[in-house]
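Student: I'm new to this one. Please pick a single part and take me through it slowly, then show me something else to compare my bearings with.

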Amino acid sequence: MGNPKAFLDIHRQEAGYRPIHDRIHDFGEVEQTLNTRDRKLQASRCMDCGVPFCHWACPLGNKPPEWNDALYKGEWELAYKLLTATNPFPEFTGRICPALCEKACVLNLIEHEATTNREDECAIVEAAYREGFVAHTNTPRNGKRVAVIGAGPAGLAAANELNIRGYAVTVFDKNEAAGGLLRYGIPNFKLNKAIVDRRISLLVEDGVEFRYNEELITKQDGNTVTLSTTKSSLADFDAIVIATGTPTARDLKLPGRELKGVHFALEMLAQQNRILAGIEIPQDQLVNAKGKDVLVIGGGDTGSDCIGTSHRQGCKSVTQIEIMPRPVEGFVDPQNPWPNYPRTLKTTSSHEEGCTRRWNINTLEFIGKNGKLTGVKVQEIDWQPNPDGGRPIMVEKGKPEIIKAELVLLAMGFLKPEHPQYPSNVFVCGDAAMGASLVVRAIASGKDVAAKIDNYLSK
């Protein structure tokens, strides 16, 4: 550790966001970067704890004390090698990870000023690309082929790891380009798609083959399950990875659900990203918030992304409702202490751009006129302890009311996929295996399944 007393003198400094009046008119990344001097100072705050909770909390097992120390000393190439020893895609996690390591940082637990690990890792990987530290894979091929179905973060991580281990990897995806959630779920103002394209180009140069517009087909005859895609047989592959994510969103099947103006969140988010990529969307299929009062149902990150996208499309207003209680403010949740993840109030860059936020609101009915949405009937509720234990009981509070809205975006999460009993050479990873989760967990799952396949095929 280069400066053992830095955490005493140097406070946490985040790069922050571009000014609202500037960023709200485009889809450029909202987050800024620190200059090299300030970034090194932030890295110096890492204490190299005797028990590094950051390493324990990270699904990838990242080692921030090691690469923060190298960054502080200006050893950028060493920092990159230490970082990518555990994390194959720090350019993604450095932008969109909720930084579980920072929640576990001793400085966060004691002073509420965690080391800026997420921003530091983004700075390291961008320097690596800029300076030419990103090396190509030159592993000799071992003669075995693996198919990866799904080009999201889990599938890409599995493909990358298998390619490094010498397998010939072909990635199939139902969309027209790779990235999955990274490309079609996360807005450009959080993750510029040029960053995704850069990584895909590197994988292609390293020998990974990508085939697009091919969807997985599963056929079951008795106890026998066979897999193929809409265009290709998978019979010649030695192993198959299923990394198809969680495609089915939670729905609200209430009166008026069929009204024009009620959409799943990803309908809007994926469509906007395609528009920015130059793809034309027919006018009758367009999901756009321009000039509309927008209601987002769901209080998570996807709902936040809908808020930011609605502002950039020129909405009239945005309201976000959540059925659960308002989280506590500050750094500590007395009902959910360390080492559990803190359930504290999160205000994103999108919330800062303008949004009415409400909690303990239950949706009752979608209201419309002439087939078009005009409002949503909601009910304020309360949660009472369940005398039998388990989930609290929801009770009505006050009278129903109508929230004016011409566009409703359902952002309530996704259903965990169900799978048949696959043959022994088929492996499932990422959200397809564990249900909707974090990008960093999907990457970790992709790496893990690659190791399992290597062990399986080596035998």
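Tutor: Let's start with the second largest pocket, whose volume is about 440 Å³. A pocket here is an open set of points on a 1 Å grid over the protein atoms alone, where a 1.4 Å probe fits and protein lies on both sides within 12 Å along at least five of seven lines. Points are joined across faces, edges and corners, and the volume is the space filled by probe spheres set on them. This is a predicted model, where local features need pLDDT of at least 70 and side-chain atom pairs pLDDT 80 or more, while totals for chains, interfaces and linings use all residues. Numbering runs from 1 along each chain as its sequence is written, and side-chain values use heavy atoms, without hydrogens or water.

So who lines the pocket? There are 19 lining residues, each with an atom within 4 Å of a point. Tyr 80, Thr 84, Ala 135, Asn 160 and Ile 164 lie nearest the centre. Helices α6 (76-84), α11 (153-164) and α13 (193-205) each supply at least two lining residues; helices are DSSP runs of H or I, at least four residues, and strands are runs of E, at least two, numbered from the N terminus. The lining has eight nonpolar, six polar and five charged residues, where Ala, Val, Leu, Ile, Met, Phe, Trp, Tyr, Cys and Pro count as nonpolar, Asp, Glu, Lys and Arg as charged, and the others, Gly among them, as polar.

For your bearings, there's also an open sheet of five strands, ordered β7-β15-β8-β9-β10, with parallel pairing (at least two DSSP bridges between two strands). Its edge strands are β7 (262-264) and β10 (356-359).
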